[in-house]
Every structure is written in C-alpha cells, then in structure tokens.
Amino acid sequence: MPDDFEPKSALKNASMLGLQTGALGLVYSTLQNALGQHSSGALGVFTRTGSTITFFAAMGAAFAFTEATVANQRQKNDHYNGAAAGCAAGFLAGIRARSLPIALGGCAFLGTTIGIFDKAGAFTGTESVLSNEQRSKFFKKPLDLKSPSSPSQ
C-alpha cells in the first residue's frame, strides 16, 4: 500500500495546537488558582500560575511543529513522526524542570509512548486492524426469531 504523502504546514499546525493546549493550560491554571491559598484574587490565574498556560502552549506547539517538520523532511506519515514530536515535547518538559536527565528521560518516555500509540493507530485512527468485511464476520449476527427452524409456540 503506497503512502500518499501530503506536506503539512508546520507553522499552521504549531499555532493551532499551541492555541488549543494553551486553552487547556488556562483551565489548569484556573484550577491551580482556585485550589491554592493566596491573596492574588482572580488575576492569580495569570500572575501566580500563568506560566502553566505558556508551558502547555509551548509543549503543544513544539509537538505539532516537530511532527510536521519531520514528516515533511521524511515525506512519510508514520509513527516515527509522532515519536520525534513526543521526544521534543518531553525534552521541553525536562528543560522547564532545569534538569538534563529529566529532559532526556522525558524525551525517551514521551517519544516512546506516542510512537507506540501512533503505530497502533490510536491517535490518528488511520490504521484499521480489520476491514469492514472482517469486522462483519467477527461480530455475532442477531437471532432471527421468525425463521422456520425455530419452534413455534
């Protein structure tokens, strides 16, 4: 089966996923602010825990940019793209912790995890294990209660 590759816009993907994960970071920052004890008030979402928003946006953007760039460079859509992107996002998490061992561990863990999920088709849903014909043979058929072989009451 030939892999029909279509180039991806790295900046478009990075900005879209960066905004989406930034919104998720805003929700998380809001929860951090609501559950913490401080005197910052509602603006604490931005002043106290605002770095969370930036961090989530940066990880999402780094992931999307790396995935699209690696795919465009290799001209293939496969699990290696996701593994490289996961590695970049995991490395960024370690850099935030200011630890090279954590950065390398995050790269290895997130890259491996996302690579495996992409290989299985869980994130993209593009790879199907069973065809529609195989799927219809696998599932049980409903009983036909009006068939002549069934005993009449």
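1. The contact between α3 and α4. On the α3 side the residues are S51, T52, F55, A58, M59, A62, F63, T66, E67, V70, A71 and R74. They meet Y80, N81, G82, A84, A85, G86, A88, A89, L92, A93 and R96 of α4. Contact here means heavy atoms within 4.5 Å. The residues of this contact divide into 14 nonpolar, six polar and three charged. In that count Ala, Val, Leu, Ile, Met, Phe, Trp, Tyr, Cys and Pro are nonpolar, Asp, Glu, Lys and Arg are charged, and the others, Gly among them, are polar.

2. Basis of the values. The model is predicted: local features need pLDDT of at least 70 and side-chain atom pairs count only at pLDDT 80 or more, while totals for chains, interfaces and linings use all residues. Residues are numbered from 1 along each chain as its sequence is written, and side-chain values use heavy atoms, with hydrogens and water left out.

3. Geometry of α3 and α4. Two packed helices are described by the angle between their axes and the distance between the axes. For helix α3 (residues 50–74) and helix α4 (residues 79–96), the axes come within 8 Å and cross at roughly 150°. That makes α3 roughly antiparallel to α4. The axes are lines fitted to C-alpha atoms, for helices over the stretch in contact, and the angles run from 0 to 180 degrees between N-to-C directions. Angles under 35 degrees count as roughly parallel, over 145 as roughly antiparallel, 65 to 115 as roughly perpendicular and the rest as oblique. The crossing of α3 and α4 is right-handed; the term applies if the near helix is turned clockwise from the far one by less than a right angle, and left-handed applies if anticlockwise.

4. Geometry of α1 and α3. Helix α1 (residues 10–35) packs with α3 at an angle of about 155°, and the axes are 6 Å apart. This makes α1 roughly antiparallel to α3. Their crossing is right-handed. The residues of this contact comprise 15 nonpolar, 11 polar and no charged.

5. G22 in α1. Is G22 buried or exposed? G22, which lies in helix α1, counts as buried at 10% relative accessibility. The cut-offs are under 20% relative accessible area for buried, over 50% for exposed, and partly exposed in between (1.4 Å probe, protein chains only). Leaving aside residues up to four places away in sequence, G22 touches I53, F56 and A57.

6. The disulfide. By the rule that a disulfide is a pair of cysteine sulfur atoms within 2.5 Å, the count comes to one. The bond joins C87 to C107, with an S to S distance of 1.7 Å. The pair links distant parts of the chain, 20 residues apart: C87 is in helix α4 and C107 is in helix α5 (residues 100–120). The torsion about the S-S bond is about -65°, so the disulfide is left-handed. Which of the accessibility classes does C87 fall into? C87 counts as partly exposed, at 23% relative accessibility, whereas C107 is buried, at 14%.

7. Positive phi values in two loops. Q75 is a residue other than glycine with phi near 55°. Q75 is found in the loop between α3 and α4 and is exposed, with a relative accessible area of 54%. R98 is not a glycine either, and has a positive phi of about 60°. The loop between α4 and α5 holds R98, which is exposed at 79% relative accessible area.

8. Q73 and P7. Q73 is placed in helix α3. Its relative accessible area is 67%, so Q73 is exposed. Although Q73 and P7 are 66 residues apart along the chain, their C-alpha atoms are separated by 9.1 Å.

9. The chain as a whole. What does the secondary structure of the protein chain come to? The total is six helices and zero strands, in the pattern α-α-α-α-α-α along the sequence. Helices (H or I, at least four residues) and strands (E, at least two) are DSSP runs, numbered from the N terminus. Of the 153 residues, 26% count as buried. Among contacts between residues at least 6 apart in sequence, 54% join residues at least 24 apart.
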